[in-house]
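Let's take a walk through this protein together, starting with how its chain folds back on itself and ending with a pair of helices.

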Amino acid sequence: MSSTDLTISPLDAGAFTADRICRTRHDCHMHPLFELAALNELARNLARVDKCRFVRPGTTQASEFSTAGESPDGRDIDDVFARMEEPGSWIALYNIENDPTYRRFLQELTGNVRALVEPSQPGVFNVQGFIFISAPPSVTPFHIDRENNFWLQVRGRKVITLWDHEDRLAVPQVGVEEFIVEHNLRHVRLDDAVAARGTCYDVGPGDGLYFPSTTPHMTRSERTWCTPGDGISISIGVVFYTETTRRHARIHACNALLRRAGLAPRHPGHSRLDGAKAALGLAAVVVKKRFRGWDSPHGF
Ligand SMILES: [Fe+2]
């Protein structure tokens, strides 16, 4: 199978819009690039540029989502992969486009992504890939991301829980704003009331979900789901920005200034002043970068 054979397709093609959650199918699980030996080699290459990430043992869905560049017990990449089936193993491979082979995979998938997304959100840019490999029981904590995401299950079973990206009871407006502008997740917190508002999707190989930027999400897998010889879960995130995500990021930058001035600005998409706010937000970002040496997060 070559990369050009790979496709992502919505379950209901007529209903797809990049503005809300949508179930998909894909065939990345058939591809040799996502076999464990190939991923071991990819991880070796990414470790050289500090793109392999690990979570602390004992991490729960309610934990702060923080990762480290070293395995918690000090093992090297090959040893981590050799013992990947051990319960609780967890490694994430960030920015797989740093590897030429996986960069080609993403480039070839980009045409597919554009065809699906651009009718509702033009201007796809900066397509990146993330791969999550774990052995149940494992979790990914509750968090939001800046990018839109095609999340693809390649191997094993996982439950991914999603919330509407407009659900301000799940994540308050200031929580989204601080994350986009300051890359700070301190207001993005899971409690029982928030958990009750999520929708769980039980996914296996070939299943996927599309979700827009700032959609709250978390995952879990259970040891009882494993069968002998099949104890590993692999998921891919194909993530990207669009003109919409960029416009919203700029509005958040403006809103952060307005909030500091004591005002209560509306969330992007809810104000007639969004056009002016996006322009002001861009100006604020340019000034911060040029005169204060601000190393801004991506997507502005
Ligand atoms: Fe995420």
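## Contacts along the chain

In this predicted model, 81% of the contacts in the protein chain with a separation of 6 or more are between residues 24 or more positions apart. Buried residues account for 39% of the 300 residues in the chain.

## Overall build

If you go through the secondary structure of the protein chain, you will find seven helices and twelve strands. The C-alpha trace spans about 60 × 40 × 40 Å along its principal axes.

How does the radius of gyration fit a compact globule, and what is its value? The protein chain has 19 Å, which agrees with the value near 19 Å that a compact globule of 300 residues would have.

## Two domains

The chain is divided into two parts: domain 1 takes in 3-163 + 198-241, and domain 2 covers 246-292. Taken over C-alpha atoms, the centres of domain 1 and domain 2 are 31 Å apart.

## Where α4 meets α6

Now for the helix pair. Helix α4 (residues 173-182) and helix α6 (residues 243-260) have axes that come within 9 Å and cross at roughly 105°. Angles of 65 to 115 degrees count as roughly perpendicular, so α4 is roughly perpendicular to α6.

On the α4 side, the contact is made by Val176, Glu177, Ile180 and Val181. Their partners on α6 are Ala249, His252, Ala253, Asn255 and Ala256. Sorted by class, the contact of α4 with α6 has six nonpolar, two polar and one charged residues.

How values were computed. Residues numbered from 1 in each chain as written. Predicted model: local features only at pLDDT ≥ 70, side-chain atom pairs only at ≥ 80, totals over all residues. Domains from an automatic or database assignment. Axes fitted to C-alpha atoms, helices over the stretch in contact; angles between N-to-C directions. Helix = DSSP H or I, 4+ residues; strand = E, 2+ residues; numbered from the N terminus. Parallel < 35°, antiparallel > 145°, perpendicular 65-115°, else oblique. Contact = placed C-beta atoms within 7 Å. Nonpolar A, V, L, I, M, F, W, Y, C, P; charged D, E, K, R; others polar. Rg over C-alpha atoms; globule rule 2.2 N^0.38 Å. Buried ≥ 20, exposed ≤ 12 C-beta atoms within 10 Å, placed from the backbone.
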